[in-house]
Amino acid sequence: MADWEKHSIDDLREYRAVKESLGTLPEEIRALEEDMQLVKGTRYDKTPVEGGASGYEERLINYIDRKGRLEANLELAQARVERIERGLSVLTDNERLVLTRFYIHREPRYLDRLCGELGYEQAQVYRIKGTALRKFTLAMYGIRDI
């Protein structure tokens, strides 16, 4: 299996979780911002021990660091979901169904169910999967005329 296939399959398998993170990451950021409001301002009349920062300052820096990391993760997740959805958008209904059943919403006996639903033999379903995966991958990166 080629690297591009592995990467595309990973994207499809992780799609649901990444899409879910688009809801949870903003919630985490909001909660963190609320916690940041509770941090008292740094008191400059106290001298830090051994040249270190005050406890308040340390907590505030930790909040800032965590918020920056969460925001960066949110941007990456948004870009990844957009890329996957762009790839799925160029597929025919049957191609999208095949990739969805193979990788996104895989259930027990998915292949038998898929063959019955589409009226195809397994070999034809696998051919559709191969074609769909290639189209999906190319479209994810902006090549739409496939």
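This is a predicted model: local features need pLDDT of at least 70, side-chain atom pairs count only at pLDDT 80 or more; totals for chains, interfaces and linings use all residues.
**Notebook: a helix contact and some rings**

I began with who touches whom: Ile-9, Leu-12, Arg-13, Tyr-15 and Arg-16 in H1 meet Leu-99, Tyr-103 and Ile-104 in H3. Contact here is heavy atoms within 4.5 Å, and helices are DSSP runs (H or I, at least four residues) numbered from the N terminus. I sorted these contact residues into 6 nonpolar, no polar and 2 charged. Nonpolar covers Ala, Val, Leu, Ile, Met, Phe, Trp, Tyr, Cys and Pro, charged covers Asp, Glu, Lys and Arg, and polar covers the others, Gly among them.

Residues are numbered from 1 along each chain as its sequence is written, and side-chain values use heavy atoms, without hydrogens and water.

Next, I looked up the angle. H1 (residues 3-38) and H3 (residues 93-104) pack at about 75°, with axes 9 Å apart. The axes are lines fitted to C-alpha atoms over the stretch in contact, and angles run from 0 to 180 degrees between N-to-C directions. That makes H1 roughly perpendicular to H3 (65 to 115 degrees).

Then I turned to rings, and the whole structure gave me 3 aromatic pairs (ring centres within 6.5 Å). Phe-102 and Tyr-110 are edge-to-face, at 5.1 Å and 75°. Both Phe-102 and Tyr-110 are buried (under 20% relative accessible area, 1.4 Å probe, protein chains only). Tyr-103 is buried as well.

Last entry: ring pairs link Phe-102, Tyr-103, Tyr-110 and Tyr-126 into a cluster.

Key. Helices (H or I, at least four residues) and strands (E, at least two) are DSSP runs, numbered from the N terminus. Angles under 35 degrees count as roughly parallel, over 145 as roughly antiparallel, 65 to 115 as roughly perpendicular and the rest as oblique. Rings of Phe, Tyr and Trp (its six-membered ring) pair if their centres lie within 6.5 Å; planes under 30 degrees apart count as stacked, over 60 as edge-to-face and the rest as tilted. Buried means under 20% relative accessible area, exposed over 50%, partly exposed in between (1.4 Å probe, protein chains only).
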